[in-house]
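Dear colleague,

My notes on its contents follow directly after it.

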Amino acid sequence: MTPSALFQCLWNDYIQRLCPAAEKVHHLLQEDEALINDHIALRTFNIAPLGIETLAKPFLALGYVACGDYLFESKKLVAKHYEHPDPKQPKVFISELKVEECSAELQSIVAKLVAQVETTRLDHVDFLYAGRLWDLSFADYQILAKESEYAAWLAAHGYGANHFTVSVNQLKAFNEVKAVNDHLRQAGFTINENGGEVKGTPEVLLEQSSTMADKVPVSFNDGVEVIPGGFYEFAKRYPMANGQLYSGFVAASADKIFESTDLR
């Protein structure tokens with residue numbers, strides 16, 4: 001599988017299951033050339049065999065390399081980002097929940113989920129967009145949501161792209177992240193304003209914003225419920241001293257982007 005083929009599979013799952021509105025956003029921003037996807041984000045638990053390394057393995061096999069480490073203390077998360085030698089390929093941001101730092105109740109529910117995973121399933125790259133690899137009750141989802149939105153989202157949706165990201169740098173109609181936000185608001189989208197509608201500044205070499213997550217139907221053991229799914233992000237990168245665009249991430253900004261999937 002090529003990087004392009006993998007991202008196409010991730011995109012198909014993303015727009016069908018997690019963020020159907022992404023197609024409309026894509027259409028609203030589409031210009032003469034295909035939109036550049038700056039990065040995708042994936043979520044996981046830090047319990048074997050489901051840590052960051054497991055999700056990164058298919059990308060490493062395609063030539064990606066680890067480039068940055070991030071810590072989100074209040075959310076009990078750590079993350080890494082990966083880049084491909086071909087700068088046209090999207091970056092990959094993978095985070096994991098430090099389950100051992102959470103309550104005993106959360107740990108018990110997550111352990112029950114992970115125990116259902118067939119390890120051989122992880123040998124096939126399509127697990128990255130396979131959705132949930134376990135059964136889950138809505139009652140357990142609600143318990144998780146009270147303590148960790150991240151844990152609840154991951155437990156409910158399983159594996160797939162939490163978001164895709166439009167590179168604002170390529171756009172001709174809009175050269176500022178706020179202008180993209182305004183355009184989407186006019187089309188009826190809600191922008192994540194946690195920490196400000198534009199996260200980051202030119203001084204930290206990265207500005208980001210995002211829609212609030214779609215509400216999507218999810219099947220639980222005890223019925224179907226509508227909960228937050230995926231969202232669409234927008235990123236503008238600034239040149240470093242050497243003239244190349246900054247390719248990393250800013251933890252303080254990413255911390256607020258995570259909140260695009262908060263219950264509201």
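**Backbone features**

Leu205 is found in the loop that joins strand S6 (199-201) to strand S7 (206-210). Here helices (H or I, at least four residues) and strands (E, at least two) are DSSP runs, numbered from the N terminus. Please note that this is a predicted model, in which local features need pLDDT of at least 70 and side-chain atom pairs count only at pLDDT 80 or more, whereas totals for chains, interfaces and linings use all residues. Residues are numbered from 1 along each chain as its sequence is written, and side-chain values use heavy atoms, with hydrogens and water left out.

Most residues other than glycine have a negative phi, and most peptide bonds are trans. Leu205, however, has a positive phi, near 75 degrees, without being a glycine. Lys76, also not a glycine, has a positive phi of about 60 degrees. Lys76 belongs to the loop between strand S2 (65-72) and strand S3 (77-83). Its relative accessibility of 26% makes Lys76 partly exposed; buried means under 20% relative accessible area, exposed over 50%, and partly exposed in between (1.4 Å probe, protein chains only).

The peptide bond from Ala48 to Pro49 is cis, with omega near 5 degrees. Pro49 is placed in the loop between strand S1 (39-45) and helix H3 (52-61).

How many of the seven residues of strand S10 (residues 231-237) are buried? Seven of the seven are, so S10 is largely enclosed by the rest of the structure.

S10 pairs with S5 in the parallel sense over five bridges, where two strands pair if DSSP finds at least two bridges between them. In this arrangement Thr165 stands opposite Glu233 of S10. S7 and S10 run antiparallel and are joined by five bridges, with Gln208 opposite Ala235 in S10.

**Aromatic rings**

A pair of aromatic rings is described by the distance of the centres and the angle of the planes. Rings of Phe, Tyr and Trp (its six-membered ring) pair if their centres lie within 6.5 Å; planes under 30 degrees apart count as stacked, over 60 as edge-to-face and the rest as tilted. This rule gives 21 aromatic pairs. In one of them, the rings of Trp11 and Tyr14 have centres 5.5 Å apart and planes at 45 degrees, so this pair is tilted. Trp11 and Tyr14 are about one helical turn apart because they lie three residues from each other in helix H1 (residues 3-18). Trp11 and Tyr14 are both buried.

The rings of Trp134 and Tyr159 have centres 6.0 Å apart and planes at 75 degrees, so they form an edge-to-face pair. This pair links distant parts of the chain, 25 residues apart: Trp134 is in the loop between helix H4 (104-114) and helix H5 (138-147), and Tyr159 is in the loop between helix H6 (149-157) and strand S5 (163-167). Trp134 and Tyr159 are both buried.

Ring pairs also link Tyr70, Phe72, Phe93, Tyr150, Phe249 and Phe258 into a cluster. Arg237 lies over the face of Phe249, at 5.1 Å from the ring centre. A charge sits over a ring if NZ of Lys or CZ of Arg is within 6 Å of the ring centre and within 35 degrees of the ring normal. The charged end of Arg132 likewise sits over the ring of Phe220, 5.7 Å from its centre.

**Cysteines**

The structure holds zero disulfides, a disulfide being a pair of cysteine sulfur atoms within 2.5 Å. The closest cysteine sulfur to that of Cys9 is in Cys19, 18 Å away, which is too far for a bond. Cys9 is partly exposed, at 25% relative accessible area, and Cys67 is partly exposed at 39% relative accessibility.

A search of the whole structure finds one cavity of 30 Å³ or more. A cavity is a set of points, on a 1 Å grid over the protein atoms alone, where a 1.4 Å probe fits but cannot get out; lining residues have an atom within 4 Å of a point. The largest cavity has a volume of about 120 Å³, a volume being the space filled by probe spheres set on the points, which are joined across faces, edges and corners. Of its 15 lining residues, Ala41, Phe93, His163, Ile257 and Phe258 are the closest to the centre. The elements giving two or more residues to this lining are S1, strand S4 (91-97), S10 and helix H8 (251-257). S1 supplies the largest share, four residues.

With kind regards

Notes. On a 1 Å grid over the protein atoms alone, a cavity is a set of points where a 1.4 Å probe fits but cannot get out, and a pocket is an open set with protein on both sides within 12 Å along at least five of seven lines; lining residues have an atom within 4 Å of a point.
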